[in-house]
Amino acid sequence: MKKIVLFFLSVFLIACSSSSDQPLRTGNSITLFQLTINGELVNGQINQSNNSIVFNVIDANLTSLTPTITISEGATINPSLNSSRNFNESVRYTVTAENGIEREYVVIVNNTIRSSENFITLFQFNVNGETVNGEIDQENNTVRFDLVGADVSTLAPTVEISEGASIAPNSGISQDFSESVFYTVTAENGEERRYEINVSNRPFSTGNEIISFIVTINGEPIEARIDQDINEIAFETGSFNISALVPEIEISENATIAPASGETVDFSVPVTYTVTAENGVSTQYTVAINQAYKINAFTLVGPRFGAQLLFTRAEMFIDLDFLDPLEPEVELFLDDGSMRVDLPILETASFENQRIITNRVTTKIPKSASTSTNYRIVYKNSDILIESDFFIDVLAENSPEIISVNQDSYREGDTLIVTGENLTDFIGVPSNGSFFLFNPQGNIDVELNPERTEYRLLMEGSFSRSAFFPFDAVTRDVIFMTPERRLGDQITINID
């Protein structure tokens with residue numbers, strides 16, 4: 001009995017000694033670290049050498065994740081296995097082995113956020129050698145072009161888009177843009193944006209005309225006359241200095257002009273303006289200054305109404321606008337289409353009114369002229385030929401001719417005696433802005449002999465006195481004429 005008790009005691013002591021002497025475990029490793037990312041369980045890459053756990057994820061929400069962790073047997077971990085953490089920054093875990101030795105791990109989650117940008121930032125064409133950028137409307141997802149004269153059937157655009165995005169069709173691929181074309185831009189995160197490309201393409205303009213041309217003379221804007229048939233710009237400047245005029249010019253839409261509107265131009269030399277349409281076709285305009293050529297005529301009786309009625313030997317005044325009768329090789333004559341009558345230049349005078357320079361010629365119808373009702377006055381030099389727009393009616397038959405008067409000068413009460421051939425019943429005397437008519441049938445002492453060779457007029461009475469003897473009288477013109485105011489020969493008498 002004693003032996004048996006001792007045996008059990010011995011076994012018990014041996015058993016107790018074996019349990020207390022077993023060494024503590026040293027394992028302090030993380031052997032598995034998982035995160036649930038976007039609904040998927042993802043394993044971290046554990047590097048036991050540098051104690052790091054790395055995740056590479058895309059578009060993850062890392063603010064509150066509870067990892068799944070496996071560690072060495074017998075070890076503990078802090079933070080605890082079931083605690084949620086914010087993995088937007090690195091998180092440190094400490095693993096403590098059973099024997100108390102610690103090991104620190106750092107968990108790093110590399111979270112790539114994919115861009116949501118899906119914009120077209122540049123859309124351009126090369127048209128007729130020129131780079132043209134489209135107008136991009138990001139709000140309405142459109143790109144608009146306004147082109148001119150382009151072939152839009154095979155255009156290969158250059159397109160730039162948001163970084164990381166893709167586009168279809170690709171940049172550089174030729175498309176027919178005669179109708180709307182659609183492009184889809186896909187962001188990195190897969191979001192799509194669809195753009196509509198609209199190209200407005202009008203043909204080149206063909207207009208190449210000057211519509212208005214205005215110059216300023218002495219502070220007054222003058223609008224030129226534009227003759228589109230002969231492409232001429234005409235205006236009058238008179239004696240104004242034209243070496244530095246600044247025209248304001250309006251031309252056809254989309255055309256260009258040289259010299260340009262607003263450019264200072266010397267018009268004292270010939271000037272040509274070139275207007276070029278958008279399609280490249282040009283028109284040239286010449287500038288005609290002070291070439292508003294015009295011929296007018298009148299007599300001492302006053303301005304003409306209709307045709308001027310004259311006998312041969314009648315005196316006439318011709319006004320020539322911008323036509324110089326004294327230039328070399330100038331010819332001044334009457335012409336009815338079959339007969340020509342050269343006109344003598346007896347006197348000339350010049351004056352200017354409202355930028356019109358007029359040269360006045362005093363002439364007489366030669367006694368050699370033939371009868372014609374439709375003579376025109378013609379001015380001709382080496383460059384131009386200008387005709388009057390009215391007729392001169394000349395009568396050669398029975399044309400009055402003055403041979404002499406009876407005195408050198410006259411006073412009130414004297415008798416004016418004119419001798420000649422074919423003298424008319426009427427004489428006219430222009431005086432003080434009026435025109436006085438005398439004839440044998442009136443109340444004035446007037447007599448014409450039957451042969452019409454002698455005309456007598458007593459210079460007395462208020463009517464005669466008004467005609468011949470105003471206070472400033474020095475000379476008076478006496479004109480033989482008919483009741484129809486056909487003018488004939490005239491003579492100037494001296495008043496004493």
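Visitor: How many bridges pair strand 28 and strand 32?
Guide: Strands of a sheet pair through backbone hydrogen bonds, either parallel or antiparallel. Here, strand 28 and strand 32 (residues 356–364) pair in the antiparallel sense over seven bridges. A strand is a DSSP run (E, at least two residues), numbered from the N terminus, and two strands pair if DSSP finds at least two bridges between them. One example: Asp-319 has Arg-360 in strand 32 as its bridge partner. By the way, this is a predicted model, where local features need pLDDT of at least 70, side-chain atom pairs count only at pLDDT 80 or more, and totals for chains, interfaces and linings use all residues. Residues are numbered from 1 along each chain as its sequence is written, and side-chain values use heavy atoms, leaving out hydrogens and water.

Visitor: Which strands sit at the edges of the sheet?
Guide: The open sheet has five strands in the order 26-25-28-32-31, with antiparallel pairing. Its edge strands are strand 26 (302–303) and strand 31 (347–353), and each pairs on one side only.

Visitor: What is in the largest nonpolar core?
Guide: A nonpolar core is a set of buried Ala, Val, Leu, Ile, Met, Phe, Trp, Tyr and Cys residues joined through side-chain atoms within 4.5 Å; buried means under 20% relative accessible area (1.4 Å probe, protein chains only). The largest has 28 residues, and Ile-295, Met-316 and Ile-365 are among those with the most contacts inside it. Strand 25 (294–299) and strand 28 (315–321) are among the strands that each supply at least two residues of this core. A second, separate core of 23 residues includes Ile-427 and Phe-438.

Definitions and conventions
Buried < 20%, exposed > 50% of the residue type's maximum accessible area, 1.4 Å probe, protein only. Helix = DSSP H or I, 4+ residues; strand = E, 2+ residues; numbered from the N terminus.
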